[in-house]
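This report describes selected elements of a two-chain model.

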Amino acid sequence: MATLTYRDALNQALREEMQRDPNVFLMGEEVGVYQGAYKVSRGLLEEFGPQRVVDTPIAELGFAGIGVGAAMGGLRPVIEFMTWNFAVLALDQIVNSAAKMLYMSGGQIPMPIVFRGPNGAALQLSSQHSQAWESWVGHIPGLKVVAPATPADAKGLLKSAIRDNNPVIVLEGEMLYNMKGDVPDGEHIVPIGRADIKREGNDVTLVCHSKTVTVALKAAEQLAEQDVSAEVLDLRSIRPLDEAAILESVRKTNRAVVVEEGWPHAGIGAQVVDIIQRDAFDDLDAPVQRVTQADVPMPYNKVLERAAKASPEKVVAAARRVLYLDS
Amino acid sequence: MTATARSAKDTAHAELHLKMLRQMLLIRRFEEKAAEAYALGKIGGFCHLYIGQEAVGVGALAALRDDDYVICSYREHGQALIKGISANAVMAELFGKATGCSKGKGGSMHLFDATRGFMGGHGIVGGHIPLGAGLAFASKYQGKDQVCVCFFGEAAVNIGAFHETLNMASVWKLPVIFLCENNRYGMGTAFERVAAVTDIVEHACSYDMAAELVDGMNVLTVYDATRRAVERARKQSHPTLLEVRTYRFMGHSMSDPLHGVYRTKDEVEEQKARDPITHLAGKLKDDGTIDQAALDAMDAEINAEVEEAVKFADESPDPEPGELFTDVMVD
């Protein structure tokens, strides 16, 4: 066990998987000579050479598609987007090519490809650089979508993603790269599709993922000071969703708040609420609440930006509402 | 060169020419049957016919090895047949049957046979161009010498994916042939109405790429040009852009009119006079490779093959209901 940053945990996963399988290669903007825009690929060019660590022009649609073609040809590409905001340009390849290839070929052409990069708002990057895309990609059958919240999960989920024979979207938290945590050495695999209880509690379930896990954990601490025991359930995987884990926790606490970085309309929280109302309706003691980004493009101004984002204070307020503590 | 050697070479040429004639005729008769079946409601959705363009697919594929990759747009029935998918399996796919080459899940626009290197018909204009480069990338990465021919229409040249891909294919020296089938019209829009540069070969200059302008109504010129491009890809790992000028005799898809208001009937008739099949058949009759009786026999044999394909497709079962949920993910 070593203490690593989230960034270095991802780097370790990439390095170990590239050592393990010569068909794995990394492609994207600034991944090689520059060592990665966020230094996730630091040292990989030196170790694996330019054939396996491929610097691309700024052409997201093109290199995402070349990745898909390479997967059709038997390779296991890892396509890095400098941010998911730029990956929107590549959505045709992700949605129309990668996600559908197996189905429309009648099962002939598997698609072992990973699309990864930072997701969600950082600080004061304004509208076009501050977006959380999980509900977009989570909507698409044929894709798996993961969003790790800790260094250990980042390593374990990226390794699973690279070994998966289906297209996997890895949404890395842009604000999490510097986060430190214990990471098991070597073969550490986190299976895709399993949620994780990050803090146990009895009074309310805080369902969250990626950066909002940190938000929910802070909220749980504040709630503890108010004698409320909150359980923090980290989804880790957006598709498939661990429905059993959500239901199990809600059946224990009878109350839930769903927290996400994305916008409210047709968000991940809406999907989670649907599961809860359908399969745990009789266990609920209050309507489920959601905490999301405000339903606006992200503003630049620091005060407005803070007001737009999900925060521990907003989660605490939502938890108190489902507990009927503030009437 | 001895007389015997020359004769052997001539025989080989004659065999190749007869094979290409037969392949073009197979596509023509297959597509005619597909049109009939569409009119009868046996084929649904979009169905884009290749009639008029047969020389392009046949000439280009004749220059390939069996293990080379071919990837196409949605106008790909012809290439699928020539890459070795049986007429039965292609027709059954158009009919949406379980015996189709994509198990009835792809249809006319998504024919696949990975075992033969036929990597699909793809439905988003230009969206498969990077996929073709990616297949070539994989071949080069693995140290193999397979090349990839990527077919697309001229309308795809206005798509960003075309330019992004040609740039990367040139920078990375990928063994790919970008084969643009310029049939003049993107659906109902004449290329010159929407393109600043109408000589598509000129785009190769922007990407420092070899290029050739090819008469797509002559299967032999298509074959020769593709052979040169394949050689460049296989031996030197250099990409090529081929602009192959052709013409579609039918509407854009089966739901579109034959000539509509975007082109004149006279223009279509004028182009039909350049029919690639008539052209090659005439040449082979002139040089004594085939006579009318043999040509008629060939046509009858092909008609029987295509009739059988329709029967096979018609009698094949629909996919089982459970197939709805298979092939979404591999386990």
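The expected span of a helix is 1.5 Å times one less than its number of residues. Helices are DSSP runs of H or I with at least four residues, strands are runs of E with at least two, and both are numbered from the N terminus. The model is predicted: local features require pLDDT of at least 70 and side-chain atom pairs count only at pLDDT 80 or more, while totals for chains, interfaces and linings use all residues. Residues are numbered from 1 along each chain as its sequence is written, and chains are lettered from A and ligands numbered from 1 in the order in which they are written.

**Helices of chain B**

| Helix | Residues | First to last C-alpha | Expected span |
|---|---|---|---|
| α5(B) | 13 residues | 18 Å | 18 Å |
| α6(B) | twelve residues | 17 Å | 16 Å |

In both cases the reach is close to the expected value. A residue is termed buried if 20 or more other C-beta atoms lie within 10 Å of its own, exposed if 12 or fewer do, and partly exposed in between, with C-beta atoms placed from the backbone. By this criterion α5(B) is mostly covered, 13 of its 13 residues being buried. Gly143(B), which follows α5(B), has a positive phi near 70 degrees.

In α6(B), the buried residues are Ala161(B), Phe162(B), Glu164(B), Thr165(B), Leu166(B), Met168(B), Ala169(B) and Ser170(B). They pack against α3 (60-72) of chain A as well as α5, β4 (176-182) and β8 (240-245) of chain B. Lys173(B) follows α6(B) and has a positive phi near 50 degrees.

**The contact between the chains**

Residues are in contact if their C-beta atoms, placed from the backbone, lie within 7 Å. On this basis the contact takes 34 residues from chain A and 33 residues from chain B. On the side of chain B that touches chain A, two or more residues come from each of β2 (118-121), α5 (129-141) and α6 (160-171) of chain B. The most is given by α5(B), with ten residues. This side of chain B comprises 16 nonpolar, 13 polar and four charged residues; Ala, Val, Leu, Ile, Met, Phe, Trp, Tyr, Cys and Pro count as nonpolar, Asp, Glu, Lys and Arg as charged, and the others, Gly among them, as polar.

**Strand β4 of chain A and Val78(A)**

Strand β4 (residues 76-80) of chain A is mostly covered, with five of its five residues buried. Arg76(A), Val78(A) and Glu80(A) point one way from the strand, and Pro77(A) and Ile79(A) the other way. Two strands are said to pair if DSSP finds at least two bridges between them. Strand β2 (residues 24-28) of chain A pairs with β4(A) in the parallel sense over five bridges, and Met27(A) has Ile79(A) as its bridge partner. Three bridges join β4(A) to strand β5 (residues 114-119) of chain A, again in parallel, and here Val114(A) is the bridge partner of Val78(A).

Val78(A) counts as buried because it has 27 C-beta neighbours inside 10 Å. Leaving aside residues up to four places away in sequence, Val78(A) touches Leu14(A), Val24(A), Phe25(A), Leu26(A), Val114(A), Arg116(A) and Ile162(A). The C-alpha atoms of Val78(A) and Pro167(A) are separated by 10.0 Å, although these residues are 89 residues apart along the chain.

Five strands of chain A form an open sheet of mixed pairing in the order β9-β11-β10-β13-β14. At the edges stand β9 (196-199) and β14 (289-291) of chain A, each with a single partner strand, so one side of each lacks a neighbour in the sheet. Within this sheet, β10 (residues 204-208) and β11 (residues 230-234) of chain A run parallel and are joined by five bridges. Val207(A) stands opposite Leu233(A) of β11(A).

Key. Contact = placed C-beta atoms within 7 Å.
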